[in-house]
Every structure is written in C-alpha cells, then in structure tokens.
Amino acid sequence: MQGLAEFLEKGGFFMYINLVVSVVVIAIIIDRAIFFLAKTSVNARAFLEQIRKLVVANNVDRAVKLCSATQAPVAQVARAGLQRMHRGELAIAQSIEETLLDVTPLLKKRIQILWSMANIATLIGLLGTVVGLIKAFSAVSAAKPEERTALLADGISEALNNTAMGLSIAVTCIIAHAFLNAASKKQVSDLEAFAMKLENLLADAGKGGGAAQG
C-alpha cells in the first residue's frame, strides 16, 4: 500500500483523476460479472425441458411459478409466453417477442462504456504526462545547476507514472470488454434460440389443448 501511495503521489493531480476512473471501471466489471455468473446462469436447455414437461402435464400454473422463482432473462421470456397461452398462438408470439426486446438490452448494459473509459483513462494519462514534462523542463530552466538533475528526474517520474496509470486502466478495460462482450453475445444467441423453441412448444401445446377440447 505504501508503494501504491507513493506511486500516486509522484504522479500528481491527474493520477487521482485516473484513480477515480479505475474505481468506476472495476465497479462496472464486477457488476457485469455478477450479472452473467449469477442472474443469467440458468441453463436454457434444461430450463426449457422443465417447462416442456410441465406444459405436457397441463401444469401451466406450476410452470409460471417456476419462471417467477428467478429473474434470469430466459425465465422472464418463458413466463410471458406461458401467461398468454390461453390467448392463442399470435398472442404467445407477440408476448415472447416483446419480452425479448425488453430483456436483451440488459445483456448488453454498460459493456460499451468500457471502451469510453479506456479512451478517457488514456487521455487523462497523456495529459498528466504532458503536464509532468512541462513542469520538469520549466523547473530545470529556472533551477540551479546542482538541482537540475533531481528536478528533471521528478518531472519525468511524474510523466511516466501518469502514462503507466492511463495505459494500465485502458488495457484492463479492453480485456474486460472482450470477455464481457463475448459473454453478452452468447447469452443473446442462447436467449433467441430459447425464445424460438419456447414459442413452438407453446403453440403446439395450445393446438393440442384446442384439439382435445374439441
């Protein structure tokens, strides 16, 4: 911790701005990681199979309760379709598609912000670098000969610390964006496939129910 405090202190004002940026970046990464590892961790294929068994057994109410037990996107989509089963195939399709449009943005939420944070951190680091070099050469030009080496070293240290801080945050953002974006695309793809299979399942079940009643 002492080394980190010294690193920040040598970097000057812009280091603390980038420190705030790094806190925001870490918060976004943790938030999205928790979302993908906890809230969307439901296995879509297994979940659909559970729903299929309950629908075939004509236990739709229990299927709705199963969906209500979790906030996973697949559960929200399934619940919307199940609640419209009695209204026919068109109502089922519309409800599933509307819910799909609502939950899909949640899978992409805040991920693109990481690109902006990477650019911001880089520019702040660059600004700190330039300011550090300006201070260094300004101090050297006005200092006594025996003090110039120390002043130049301090200024260059401030400049390089800012560069390192900005680039470190930017690299972290880019790596996190790559992983989170890949996870988001997979979740969206799985959700769309789930929605299509669910729609077919409920439509077939509705037709079977109608035939049975006839």
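Residues are numbered from 1 along each chain as its sequence is written, and side-chain values use heavy atoms, with hydrogens and water left out. Because the model is predicted, local features need pLDDT of at least 70 and side-chain atom pairs count only at pLDDT 80 or more, while totals for chains, interfaces and linings use all residues.

The helices come first. Helices here are DSSP runs (H or I, at least four residues; strands are E, at least two), numbered from the N terminus. Helix H1 covers residues 2–11 and contains Glu6. Glu6 is partly exposed, with a relative accessible area of 41%; buried means under 20%, exposed over 50%, and partly exposed in between (1.4 Å probe, protein chains only).

Helix H6 can be followed in some detail. Its 20 residues reach 29 Å from the first C-alpha to the last, close to the 28 Å expected at 1.5 Å a residue, where the expected span is 1.5 Å times one less than the number of residues. At Leu101, H6 bends by about 25 degrees, and Pro105 follows within four residues. The bend at a residue is the angle between axes fitted to the seven residues ending there and the seven starting there. The buried residues of H6 include Ala91, Ile92, Ser95, Ile96, Thr99, Val103 and Leu107. An α-helix has 3.6 residues a turn, so residues three or four places apart point the same way.

Next is the nonpolar core, defined as a set of buried Ala, Val, Leu, Ile, Met, Phe, Trp, Tyr and Cys residues joined through side-chain atoms within 4.5 Å. The largest such core has 49 residues, and those that touch the most other members are Phe47, Ile51, Val77, Leu82, Phe194, Leu198 and Leu202. Two or more residues each come from H2, helix H3 (44–56), helix H4 (60–68), helix H5 (73–83), H6, H7 and H8. H8 supplies the largest share, 13 residues. In soluble globular proteins, nonpolar side chains tend to be buried together.

Around Phe47, leaving aside residues up to four places away in sequence, the contacts (heavy atoms within 4.5 Å) are Val42, Leu66, Cys67, Val74, Ala75, Ala78 and Phe194. Cys67 is buried at 0% relative accessibility, and Cys173 is likewise buried at 1%. A search of the whole structure finds zero disulfides, a disulfide being a pair of cysteine sulfur atoms within 2.5 Å. Ser184, in helix H8, is buried with a relative accessible area of 3%. Beyond residues up to four places away in sequence, Ser184 touches Phe36, Leu107, Lys108 and Ile111.

Salt bridges number five in the whole structure, each being a side-chain nitrogen of Lys or Arg within 4 Å of a carboxyl oxygen of Asp or Glu. Asp31 pairs with Arg32 at 3.1 Å, N to O. Arg32 is buried, with a relative accessible area of 3%, whereas Asp31 is partly exposed at 30%. Asp31 also meets Arg110 in a salt bridge of 2.8 Å, N to O. This pair links distant parts of the chain, 79 residues apart: Asp31 is in helix H2 (residues 13–39), and Arg110 is in the loop between helix H6 (89–108) and helix H7 (113–142).

Another salt bridge joins Glu158 and Lys135, whose closest N and O atoms are 3.3 Å apart. Glu158 lies in helix H8 (residues 145–213) and Lys135 in helix H7, so the pair ties together parts that are 23 residues apart in sequence. Glu158 is buried at a relative accessible area of 10%, while Lys135 is partly exposed at 47%.

Most residues other than glycine have a negative phi, and most peptide bonds are trans. Arg110 has a positive phi of about 70 degrees although it is not a glycine, and Arg110 is partly exposed at 32%. Asn58, in the loop between H3 and H4, has a positive phi near 60 degrees. Asn58 is exposed, with a relative accessible area of 67%.
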